[in-house]
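Please have the picture open while I talk.

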2 protein chains.
Amino acid sequence: MAHPAVATPRAAPAALTAALTAVGALLGPRLSTATAVREQHGRDESYHAGFPPDAVAFAQSTEEVQAILRIAAEHGVPVIPFGTGTSLEGHVAALHGGICLDLSQMNQILRVSPEDLDCTVQAGVTRKQLNEHLRDTGLFFPIDPGADASLGGMTATRASGTNAVRYGTMRENVLGLTVVMADGRIIRTSRRSRKSAAGYDLTRLFVGSEGTLGVITEVSLRLHGIPQSIASAVVSFPTIAGAVNTVIETIQCGIPVARMELLDEVQVDACNRYSKLSMPVQPTLFFEFHGTEAGTAEQAQMVADLAEANGGGGFQWASSAEERTKLWEARHKAYYAALALRPGCKGWATDVCVPISRLAECILETKADLAQSNLIAAMVGHVGDGNFHLVYLIDPDNAEEVAEAGRLNDRMVMRALAMDGTCTGEHGVGYGKIDFLTAEHGDAVAVMRQIKQALDPHNLLNPGKVVRV
Amino acid sequence: MAHPAVATPRAAPAALTAALTAVGALLGPRLSTATAVREQHGRDESYHAGFPPDAVAFAQSTEEVQAILRIAAEHGVPVIPFGTGTSLEGHVAALHGGICLDLSQMNQILRVSPEDLDCTVQAGVTRKQLNEHLRDTGLFFPIDPGADASLGGMTATRASGTNAVRYGTMRENVLGLTVVMADGRIIRTSRRSRKSAAGYDLTRLFVGSEGTLGVITEVSLRLHGIPQSIASAVVSFPTIAGAVNTVIETIQCGIPVARMELLDEVQVDACNRYSKLSMPVQPTLFFEFHGTEAGTAEQAQMVADLAEANGGGGFQWASSAEERTKLWEARHKAYYAALALRPGCKGWATDVCVPISRLAECILETKADLAQSNLIAAMVGHVGDGNFHLVYLIDPDNAEEVAEAGRLNDRMVMRALAMDGTCTGEHGVGYGKIDFLTAEHGDAVAVMRQIKQALDPHNLLNPGKVVRV
């Protein structure tokens, strides 16, 4: 599928001017129309083309967001929420112009309740900022999508990452939200109890809504106790199937691994070159175990046994922080190592997720496809969830390469859908994957559209993302 | 708050007759208008008054549900989905008449995928039926709300129960749904991958929607490996605070207890009388541990240490199935033991849920309230979640007692809300708690209403429940 031909029914110039005048009166110098600021805010870290907004508004409170949304609604101007701009499917592109609402100055940690293992933060707080703040509490926030994203943005994109196999995704770790609706109403989606059966689950509706249903300004999050003991292990396999079967059996045995990552042999080769390592150039699994000392040792032994039975060799493990870091070095630097395979290239990152029973098949067919192409791509997978990523290494000025990456990507997504999987396990829809949504969800997309139209009847909130209206 | 004065704008008689004729032509003898059948389907296991539907339709397939909803939409007749009728807030009462859609004959287990630890069932399959079916797979479905409810009903009410502290609620264990919308469209809310970032989370929107947004006909569920070892423990405390602090510390230490239940001294006394036990008449915690043999022993030891530091005495534990059953006997028979405290009484069951840091306070204030009343009530709590239940033992023909239970219940709910908790942790809203929703959610109820109106514009799906339109 091609990227959408973007229609841009922008706000009428007079309406835009009136809106910007009103927002400027509210924010003063915190409203910017500088070209560099606009361009930086119109694109994310993906390959997708950027579309600069007409202005960037830096809000500092829920009430300011409310005022801006009321002005935008009055004048019919689109609003695109922005956290750190680290999304991967063009989520922040101002396809229809309008005001980018930058929430990075809403960076207050409002409450930490160690007894309840939860906290409330403003949307612009990043995950690293939160964990730094939590340092002396014995608690941590586990969701780690790689980038130091804002927690509002991670909520809006339903982020997950390496820890999801143990701790869940943002879906499981967001307890409640403060949201400003398209018409300026401020709502709280949930009280602070761990569970509730009181009404529709608005929290989960906004988690993953990518700024299209409302603007998230505060997030209450579940926290977790820092485990007494953390251990890591790495093991290589002659075949992808051996590695994936080890993963399946680990899950089936209920071994509560905290992280379980697969690197394919292309990625391992890249890491060897980049970090001057000498790992066997084979599919390789990286594990992390959280628990008591006895517990992590027991988990590691069980995994070692399963790996061995599946042909895994050279099982290495480490429990000290220093050794663990060294053991995981290849995984931590995977993205930069992949880019270094082809100096000057640009990475096109994509992801799919399938039922774990289909994972080996999906990966093998995808790699067979790649083998017949002249493009290079490296693979990393959060395999405990059935989720894997490819990074196509392309020259963005070479139209043929771009087209080829698009063709391979389309085939991979349709393959995942045919296996009852999803077009994106964690990167989200943005505008990069919007055309796959109907293939994946069929008539359910019409239901999503009804919800969008009910809550944002004038299509002003991040228009052109998730569902077209 | 009083129960709602129920307005009953029923379907016009001619429209109802036309609808029943059409449904009868479809289902033959599987459409019943017998008084006994209607009355049985108009009430649940709660104290709330029943309202019989005009007819009961026993559907056997998603396509039949579709046909019935199309007929109902055409003639403007309400439809109330029905599983096993074990809800507790009047969820199945046909407040506006109409057709009760009984799904109990949709009882096929459609698929079990041990490799993926998931399955798909028709909505009428009960949790015990599923676990019986899974017996030889090494897997189980953990959510246990007490009653042998249907999985469709458990999904619709966002059920949880004793295992939620470890395995989550229906919110975390439903992977996807087949839903028939008010106009007869059939949608699937999700593919079968463990996670997805592709579009709005319709799955979670329907989980807990109590039949008001669509009729759930198939449910895909997450399964879990039966643990290698299961152990139980029981310990009594001189004070509620000691028990609750043990719970808080257990959660904070990240000890992965599978169950953690509190019985207050009234409930313990009831259990002693009913089951001829001789437990200390004190607040008592019941634990269950799942894991490896070493793991469960380690968990039990850690909990024993915490309990002792909080004044807990007589820590007992058991790992054989027989001993475990005996140890937990009081908990298993708690409800019947409570009813036996006052022969001939009726139980009015209610629940609230608060942040765990407020749990002791909420329980103590609630018990102080009870102490000043002439009513007896027993308390059982899923305390790891901050969730507890009261059963008021009342004579339903005594208006004063009913009013007093209502007054106490209102005070308990408002107390939980003042502590940033919820009016119901797991029983749901039905019509019994509908008046508390605005107190809990404020303007968010208006957003819920917008969603209800978008998806069920003629208010035909279980009208009068969750939100009034």
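**A helix and its cover**

The buried residues of α16(B) are B:E401, B:A405, B:L408, B:N409, B:M412, B:V413, B:A416 and B:L417, where buried means that 20 or more other C-beta atoms, placed from the backbone, lie within 10 Å of the residue's own, exposed means 12 or fewer, and partly exposed is in between. This is a predicted model, in which local features need pLDDT of at least 70, side-chain atom pairs count only at pLDDT 80 or more, and totals for chains, interfaces and linings use all residues. Residues are numbered from 1 along each chain as its sequence is written, while chains are lettered from A and ligands numbered from 1 in the order in which they are written. Helices (H or I, at least four residues) and strands (E, at least two) are DSSP runs, numbered from the N terminus.

Among the elements covering those buried residues of α16(B) are β16, α15, β18 and α17 of chain B, with contact meaning C-beta atoms, placed from the backbone, within 7 Å. Just after α16(B), B:D420 takes a positive phi of about 65°.

How many residues does each chain bring to the contact? Chain B gives 76 residues and chain A gives 77 residues, and on the side of chain B that touches chain A the largest share, seven residues, comes from α18(B).

Finally, A:L117, which is not a glycine, has a positive phi of about 50°, and A:L117 counts as buried because it has 23 C-beta neighbours inside 10 Å. B:K276, also not a glycine, has a positive phi of about 50°, but B:K276 is exposed, with 8 other C-beta atoms within 10 Å.

Technical notes. Two residues are in contact if their C-beta atoms, placed from the backbone, lie within 7 Å.
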